[in-house]
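User: I'd like to go through the aromatic rings in this one. Can you take a look?

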Amino acid sequence: MGRSHRHPKEDLVPTYKKASVIVGFIITVQIILLISYNLLHEEKVETLSFQNSVNNEHIPQHFVKELTEREEEKKLKKNKLLASTPSPTIHIRALIQNQIAALCIFHEDHSFERRALIRGFYSNSKAKDIDVFFVINKPERNYEKLIDTEQRHYKDLIILDVEEKSGGKTLELFSYMARKYGIESAKQYQFVMKTEDDSLVLLNRLSRYLKKLKKKEVYGGVMMRANDQSYWSQYMQGRGYFLSWDLVKWISTSQFAREHNKGYEDANVGRWLVNYGLPKNEWISAPGFIDARTKPLSEETILIHPIKDPKQWILLALDAKRKKLLD
């Protein structure tokens, strides 16, 4: 910080000591100026303070000239150093945690035991570039304190301001993600995946699969094909589908999505993306999203659905571990 200097008038003394005081004053000011000059480098003393000091008429001009020349030399060295230093933006960007995906599990507020089971499974995953969230609607009053405690402990709940039966949960999720993990966030995602609590996802395999995909205009999952030609004739099944971040952002601000947010939500997502202009032939039919009732686990498995019974969940998790599908 800049330092103010005392004016000579503040140190007025009797006349008989005037000569010695002036000499002492000049020496003192010179010492103060040297200290201030050093602080310019160490503490970034303001330029104005320095200029006010060296312009003092009591300081010998040769000393002022020397100080000024040294000051200019310091500025020149500082400018060269700044020019050779990488932009601070690079350092800031390096601090951003860029995750491959956020896995968002649609869940009911009161399903504490099932949430604990699922959380325990995912907490042992080696895929550290995928974050797992439980997405719940605004909880009922008798669950509020429990959920507040759970959130403070685990910090993995996304609580949407949506009533359980009012619909619009998917749109609100994408809007929430876009707001919270936008360009200014310290954590960002390349994909957002929506799934249900009766789907088991092998995170390490999902991570490897997503890393192979392009990072824009991606909509993938298991295609649902209806017999008619209505807007829900093609969309990704609710068991699990993923969108690249650019599509999540677009949906979050789309007036069309706001105006067409009634009815079956997973089908609405397909409708929104048709409006966006993403051709259906570019939608991705993801491999390894299997039906647990008809297919066994294999090397290609990424997602298993449906798993209604907690015992079945545990058995499938153990089977995946036995087959080394969690590595």
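User: Which residues form one aromatic cluster?
Analyst: Phe191, Tyr209, Phe242 and Phe289 make up one aromatic cluster. Keep in mind that this is a predicted model.

User: How many aromatic pairs does the structure hold?
Analyst: There are 13 aromatic pairs in the structure. One of them is Tyr181 with Tyr189, an edge-to-face pair with 5.0 Å centre to centre and 80 degrees between the planes.

User: Are Tyr181 and Tyr189 buried or exposed?
Analyst: Tyr181 and Tyr189 are both buried.

User: And Trp250 with Tyr276, why is that pair edge-to-face?
Analyst: The ring planes of Trp250 and Tyr276 stand at 70 degrees, with the centres 5.1 Å apart. Planes over 60 degrees apart count as edge-to-face, so the pair falls in that class.

User: Where do Trp250 and Tyr276 lie?
Analyst: Trp250 is in helix α9, residues 245–253, and Tyr276 is in helix α11, residues 265–276. The pair therefore ties together parts that are 26 residues apart in sequence.

User: What is the relative accessible area of Trp250? And how does Tyr276 count, at 27% relative accessibility?
Analyst: Trp250 has a relative accessible area of 22%, which makes it partly exposed. Tyr276, at 27%, is partly exposed as well.

User: Switching to charges. Which ring does the charged end of Arg119 sit over?
Analyst: The charged end of Arg119 sits over the ring of Tyr154, 3.9 Å from the ring centre.

User: What about Lys194?
Analyst: Lys194 has its charged end over the ring of Phe106, at 5.1 Å from the centre of that ring.

Conventions:
Residues are numbered from 1 along each chain as its sequence is written. This is a predicted model: local features need pLDDT of at least 70, side-chain atom pairs count only at pLDDT 80 or more; totals for chains, interfaces and linings use all residues. Side-chain values use heavy atoms; hydrogens and water are left out. Rings of Phe, Tyr and Trp (its six-membered ring) pair if their centres lie within 6.5 Å; planes under 30 degrees apart count as stacked, over 60 as edge-to-face and the rest as tilted. Buried means under 20% relative accessible area, exposed over 50%, partly exposed in between (1.4 Å probe, protein chains only). Helices (H or I, at least four residues) and strands (E, at least two) are DSSP runs, numbered from the N terminus. A charge sits over a ring if NZ of Lys or CZ of Arg is within 6 Å of the ring centre and within 35 degrees of the ring normal.
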